[in-house]
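Student: I would like to go through the labels used for this model and see what each one rests on. Can we take them one by one, with the cut-offs?

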Amino acid sequence: MSASSSLPVGAEAIQVKGWLKANRFLILRRLSQAFFLGLFLLGPWFGIWWVEGTLASSRTFDVLPLTDPLVLIQSIIAGHLPELTAVTGAIIVVTVYALVGGRTYCSWVCPINPVTDAAHWLHVRLGLPKGWQPKKSTRLWLLVGVLGASALSGTIAWELVNPITALHRGLVFGMGFAWMLVLCVLLFDLLVSRRGWCGRLCPVGAFYGLVGTASVLRVTAAKRSACDDCMDCYAVCPENHVISPALKGAKGSTPLILSSDCTNCGRCIDVCAVDVFAFTHRFDNAHNDIAAPSGAAPTKQAV
Amino acid sequence: MSATGKPISPERRRFLTDTARAAGGCLLAGSALAYLASDAKALPAEALRPPGALAEEAFLSACVRCGLCVRDCPYDTLKLAELGEDGPATGSPFFTARDVPCEMCDDIPCVAACPTGALDPDLTRIDEARMGTAVLVDQENCLNFLGLRCDVCYRVCPVIDEAITLELSHNNRSGKHAIFAPTVYADKCTGCGKCEKSCVLPEAAIKVLPIRLARGSSAEHYLKGWEEKERKGAPLVDGIIDLPDRMPDGLPSVSSDPGAFEPAFKLPGSSQ
């Protein structure tokens, strides 16, 4: 442990790299979330109809169809054979997220992410206990349950309670009492289970995790030998079990964060004062295990 | 203790408990959701689905609640149901005829917009849409039934004289006037709701109802004699004997005045 571990999370990075660089992916991520939501709101708010519809299915510039693949799978399981437009839209979405990381959706697009991030921020501020922490696999079981419910009921079951599309549709078309679903998620994360919704329960996240299993875009701990064990990355990471295999892996093991749970949010890159982490592609195995923390060095390992 | 006398390994025990717990939770959550889903199938009577909507059960498996039909509706007829405020399943499209009826666009933009086929793309003629069926629910307050000439529901109907007609009958109250009863023909009515929208009464006397509420159904084994006879071109029962008509005294007998009391059908083989 270095002395820096006594500083608040991210403080050292701000001292070393400056506030902007120590928050750049957080800022980019918020801009991205605002951008994707804003595209949908341009129409109803300003009459600029570039993107119409909701996250469930949309039409961009009157030509590009995009469809939520999980919604469509539920529809098929419920017994409907969708038209080609929706199928095309879902294939496009799956392809993109299979490349950039399925859970990139969670941290860069999903409108619930700012809500659960706010809950976590408040959770830390209030110093609340971790609370109930169901297993990480719970969301996969919930995904199975959702698909089963769709098959049994013959409806797109998750869309009855899905806080993501409920919030999005609420903002774009009219809220009704959909805000209560969002409030439930906020209170759950705040009072019941720290980072419980996105990290343990949400079946949409579980689905996108599966989509991104072999994704190309990855975070690497390439300069892991420079790590001074300040633990800031573990503190900011919403899925911090993904870090250890890359950061603390045996000499010669891959420095890539290969877990499909990683949301590619980039906060680890932000808060690391010694720049251990970086975005790269999954075929980039370069790391500096042998080299001194500062030096350029051979990256090949003796096997 | 297992049968071999060795204790179950802790890993195995944990695996079994975890699996049981996960499966139980999954079952519980799934059933809760399935219950909610079956509950959401109850579509309120005043909520009408857009043209071409599949039957409600199929519709709920097909509609992803994207709202593209709502966006492409040029008359702002369609709405997406809001949670806790509107009756239909959350986020699904509907309209309320009394607020804004369907204008029955020729190009049916809502159907064209639907990416999933929840609104059936095979619907190409809007006159074939069946969003519901208009029913004159309140004859006691309908002005036409009171003997007045309101006629508004008839006048506004886009399928006038086919989906709705005015049927004349004697006005027994005044003794000398007529009653022009608005009469709906369900096989032609699209359920657009313009009649309900324009009914002049504070509460419409004619309403568009979902077909399941608006219509009865004929028993499968019922045959209508007059239709069957027309199809066959002959009486359905062979060998009916044409008995002589016995006329009251003073009236000419049938034989002396052929055609006076001729039966409505021709007996086979009895030409003239």
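Student: Why is Cys198(A) called partly exposed?

Tutor: Buried means under 20% relative accessible area, exposed over 50%, and partly exposed in between (1.4 Å probe, protein chains only). Cys198(A) has 23% relative accessibility, so the label is partly exposed. This is a predicted model, in which local features need pLDDT of at least 70 and side-chain atom pairs count only at pLDDT 80 or more, while totals for chains, interfaces and linings use all residues. Residues are numbered from 1 along each chain as its sequence is written, chains are lettered from A in the order in which they are written, and side-chain values use heavy atoms, with hydrogens and water left out.

Student: How many disulfides are there over all chains?

Tutor: A disulfide is a pair of cysteine sulfur atoms within 2.5 Å, and the count over all chains is zero. For Cys198(A), the nearest cysteine sulfur belongs to Cys110(A), 6.4 Å away.

Student: What makes Asn264(A) stand out in its backbone?

Tutor: Its phi is positive, about 55 degrees, although Asn264(A) is not a glycine. Most residues other than glycine have a negative phi. Asn264(A) lies in the loop between α13 (243–247) and α14 (267–271) of chain A; helices here are DSSP runs (H or I, at least four residues), and strands are E runs of at least two, numbered from the N terminus.

Student: What makes the pair Asp72(B) and Arg59(A) a salt bridge?

Tutor: The term requires a side-chain nitrogen of Lys or Arg within 4 Å of a carboxyl oxygen of Asp or Glu. The N to O distance between these side chains is 3.0 Å, so the pair meets the definition. The rule finds one salt bridge across the interface of chain A and chain B.

Student: Which helix gives the most to the side of chain A that touches chain B?

Tutor: That is α7(A), with seven residues.
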